[in-house]
Structures are given as structure tokens and as C-alpha cells.
Amino acid sequence: MSHYRRSYVPGGVFFLTLVTYRSIPLFSEVENISRLRKAIAKMRQEKPFDITAAVVLPDHLHLIWTLPANDSDYSQRVSRFKVLFTRSLRGKSAFSVEISASRRKHRESDVWQRRFWEHTIRDEDDLNKHLDYIHYNPVKHGLVSCPHLWIYCSFDKWVKAGRYQVDWGCHCGANLPQVPDFRDLEDKVGE
């Protein structure tokens, strides 16, 4: 049996990766991204934290969360978030994939992979590397040619904060459009 060791740092900053079951492109549907935002908003009401950065791709998401000073329990938040999102899909004829006996035994659905990946951000340099990773990820996966073209991420938030120029990582060579406000997951998560 595998033993998973997680780092729990009160008030820590954590990079998280959550993947859909069998990498089903669940977030290719805009309605599911809306459900995702609602699930995060509800979970944040129950157990507050800050979304430092985020990107939603068709079959996975990367998040950087900053927890309150005396709180280190990101695992409970991830678990609750997964449950809330999965419940929002009930009756929507989610998928027609076969669920293994092990998943049925553990009452797991066909929405998320069983575990998630986490990394504790150690310092400012580590944070900057993970911010770059998150914001370049849609380009890496061939979904867009430039970070500013992917609307389901926090890139706009960080452009406004002065961390990036709007043409950071840009390959399109076109005149850059105005970056719309709806690209910021943290501000829109409560809709």
C-alpha cells in the first residue's frame, strides 16, 4: 500500500493539481466551469482561503491556495470541493464510463481521479515558478498560442497586479486585445 505524505503548514501557500477521472474533458463545457466556480465559492464560505492563482483546462486544474494563518487543512477543502462539484452534476447524465469495483466500494464517482497532487510553496522564487507554470499551461497543452488568450485562468489578475505584461509568453504577434474582467477566477468564483 502506498503511503502519501503531505505537508501541512499553517497559513501555507499550496500548489494543487486535480485531474478528472480518466482525463475526461469535463471542463470543455462552459456549464461545468460555472458549476466549478459555484462549488469553490460554497466551499470558501465554509472554510475560507485565498485563491492566489488558478487555471482550468479541459481535464484538469491547477490552483495556488493561501490558507488562513492558523489553518493548514487544504485536504479537507479539496475533498469538500470535489463533493460539491460532483453533486452539482447529478441528473446531468455526466458520463458513461465504467467504474471499477474498487471505486464502487469506496463510493467514488466517475468525476475525479482518486487523489490530487500538492506542493508547498517554499519562497517567492518557488511561487513565481508556479505562477509561470499555471499561466503558461494552456499554451503548453496546445489550447492557445498565448497565455492572454485563455479565459479560464488568473492571468488577467496578475497582469493588473504588475506581475506580467499582457504579452508575456505571447506568440501570436497580433495586436493584443483588452484583457476582459471575466478571466479572473477569484473574482468570478462567487457568481
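Trainee: At about what angle to β1 does helix α2 run in this predicted model?
Mentor: Helix α2 covers residues 74–88. It lies across β1, β3 and β4. Its angle to β1 is about 30 degrees.

Trainee: In what order do the 4 strands of the open sheet stand?
Mentor: The pairing is antiparallel. β2 and β4 stand at the edges, each with a single partner strand, so one side of each lacks a neighbour in the sheet. Neighbouring strands are turned by 15 degrees against each other on average, direction ignored. The order is β2-β3-β1-β4.

Trainee: Which residue in β3 does Val13 stand opposite?
Mentor: β1 and β3 run antiparallel, joined by 7 bridges. Opposite Val13 stands Thr66.

Trainee: How far apart are the end C-alpha atoms of helix α4, and what span should its 17 residues give?
Mentor: Helix α4 runs over residues 124–140. At 1.5 Å a residue, it should span 24 Å. The end C-alpha atoms agree with that, being apart by 23 Å.

Trainee: Where in α4 does the kink lie?
Mentor: The kink is about 30 degrees. It comes shortly before the proline Pro138. The kink lies at Ile134.

Trainee: Which residue caps the N-terminal end of α4?
Mentor: Look for a side-chain oxygen 3.2 Å from the backbone nitrogen of Asp125. That oxygen belongs to Asp123.

Trainee: At what angle to β3 does α4 run?
Mentor: α4 lies across β1, β2, β3 and β4. Its angle to β3 is about 150 degrees.

Note on methods:
Residues numbered from 1 in each chain as written. Predicted model: local features only at pLDDT ≥ 70, side-chain atom pairs only at ≥ 80, totals over all residues. Heavy atoms only, no water. Helix = DSSP H or I, 4+ residues; strand = E, 2+ residues; numbered from the N terminus. Expected span 1.5 Å × (residues − 1). Bend = angle between axes of the 7 residues up to and from the residue. Polar contact = N/O pair within 3.5 Å; in protein donor to acceptor, adjacent residues only side chain to side chain. Pairing = 2+ DSSP bridges. Axes fitted to C-alpha atoms, helices over the stretch in contact; angles between N-to-C directions. Contact = heavy atoms within 4.5 Å.
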